[in-house]
Amino acid sequence: MSTVKSIKLVLPEDEVYLAGSSIVGQLVLKLRSTLVDPVVKVELVGRGYLEWNEEDNPHLDYSRSTVCRNQAVYISKAQNFHVDDGWLDSGVHTFDFHFSFPLGLPTTFTSKIGLISYFIQGTCSGREIVLAKEKRYLLLQGTFGNHGEDVKDMDPLVVEARKDAVYLCCFSRGSVILRIYLQKNIFSPGETIVFMTDISNRTCKYIRKVVFAVHCIVLYRGFNSRGEQCSLEDGSEVTRLESRTNTAPFQVMRVTSMLVLPKPLPVTSMLMRNEIMSFRYELVGTSNFPCTSSTMVGRVPIIVAIPENSSGEQSTENPCENEGDNSEGNALDDRDISEKDTETIEIKSSE
């Protein structure tokens, strides 16, 4: 029977931490009997890993795939607790710990290709044998910028998409124009995106539905077994809304819609650097062309960001630095935010 009856990490429930903030908790150790020369410690670890299969040479007559992988260690800290007299009596023992998250850490993220995860792990060992341990995964929200620079909203965006079609059944032509208006295109995780859409139906059929979604497009970077760099871009829906419009033939309808961003959410990667994952976002409006198999798509680029000075809201006063830092990998470089044109940006696409 183990000397350790139980080990427990006491942390705030469902807390989302910001990069640059602090985490404070307790390790509670319950012993059945006296433990001599114990080693009690708490570790904070953040890692990223990705893996996917791709065709080694698509021009070959036969199929041969290779595995692309990459990984990164973003943070690794440990706090060892001093035990007076070199032994712990039976009963309950409580150890307080404190860690600070560095600025520039990426957000917790999971997909079918890669993940970014953070966890706290408490262990109790005796004579180089681990007697008990507990691991708790954390939710971390990355921040924008590197020196607490405020992110200012860009100017309004107007995106227009047009689709033309010919109806052979009645020898007529038609088109649909989708125009999306955004008052700003920089949003924070958890914020509500409010936008207007003009649907111009220049066909003889009804437009029943328009689907709006925020897409997260991730660029993964890895290496194959020969050490060659490879990359893969993959996207997924972050949030989605279906609007029943029923726009009549040769009519124009304006609808106002709202989409709520989840939290935590990876921030937009502003510079193309040697990160294993880079993120960008689009607000996409999609509508099926009446009585055809064609689809009309309008895309609005948006930015997900958090000013780093907001990370101070979660930081405790007079934070003490941990001396047990093993490494702080992949700290982000300084980022220059270029000034944006003061005029409304209009993007027109035709599919």
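Reader: What pLDDT does the protein chain average?

Author: This is a predicted model, and pLDDT is the predictor's confidence in each residue. Here the protein chain averages 82, and 79% of the residues score at least 70. Over residues 145–150 the pLDDT is below 50, and this stretch has 18 contacts in the model beyond near neighbours in sequence. The pLDDT is also below 50 over residues 311–351, a stretch with 91 such contacts.

Reader: Which cysteines form a disulfide?

Author: In general, a disulfide is a covalent bond between the sulfur atoms of two cysteines. A search of the whole structure finds one disulfide. The partners are C68 and C230, with sulfur atoms 2.5 Å apart. This pair links distant parts of the chain, since C68 belongs to strand 6 (residues 65–81) and C230 to strand 17, 162 residues apart.

Reader: Are C68 and C230 buried or exposed?

Author: The cut-off needed here is that buried means under 20% relative accessible area. C68 has a relative accessibility of 0% and therefore counts as buried. C230 is buried as well, with a relative accessible area of 8%.

Reader: How many salt bridges does the count come to?

Author: The idea is a pairing of a side-chain nitrogen of Lys or Arg with a carboxyl oxygen of Asp or Glu, within 4 Å. By this rule the count comes to 13 salt bridges. One of them joins E191 to K184, with the closest N and O atoms 2.5 Å apart. E191 is partly exposed, its relative accessible area being 23%.

Reader: Which parts of the chain does the pair of K209 and E242 tie together?

Author: K209 forms a salt bridge with E242, and their closest N and O atoms are 3.8 Å apart. K209 lies in strand 16 (residues 207–223) and E242 in strand 17 (residues 229–247), so the pair ties together parts that are 33 residues apart in sequence. K209 is partly exposed at 29% relative accessibility, and E242 is partly exposed at 39%.

Reader: Which residues are linked with K209 in a network of salt bridges?

Author: The network links K209, E237, R240 and E242.

Reader: What is the relative accessible area of R280, and what is that of E282?

Author: These residues form a salt bridge, the closest N and O atoms being 3.3 Å apart. R280 is partly exposed, with a relative accessible area of 35%, whereas E282 is buried at 15%.

Notes
Residues are numbered from 1 along each chain as its sequence is written. This is a predicted model: local features need pLDDT of at least 70, side-chain atom pairs count only at pLDDT 80 or more; totals for chains, interfaces and linings use all residues. Side-chain values use heavy atoms; hydrogens and water are left out. pLDDT is the predictor's confidence in each residue, from 0 to 100. Contact means heavy atoms within 4.5 Å. Buried means under 20% relative accessible area, exposed over 50%, partly exposed in between (1.4 Å probe, protein chains only). Helices (H or I, at least four residues) and strands (E, at least two) are DSSP runs, numbered from the N terminus. A disulfide is a pair of cysteine sulfur atoms within 2.5 Å.
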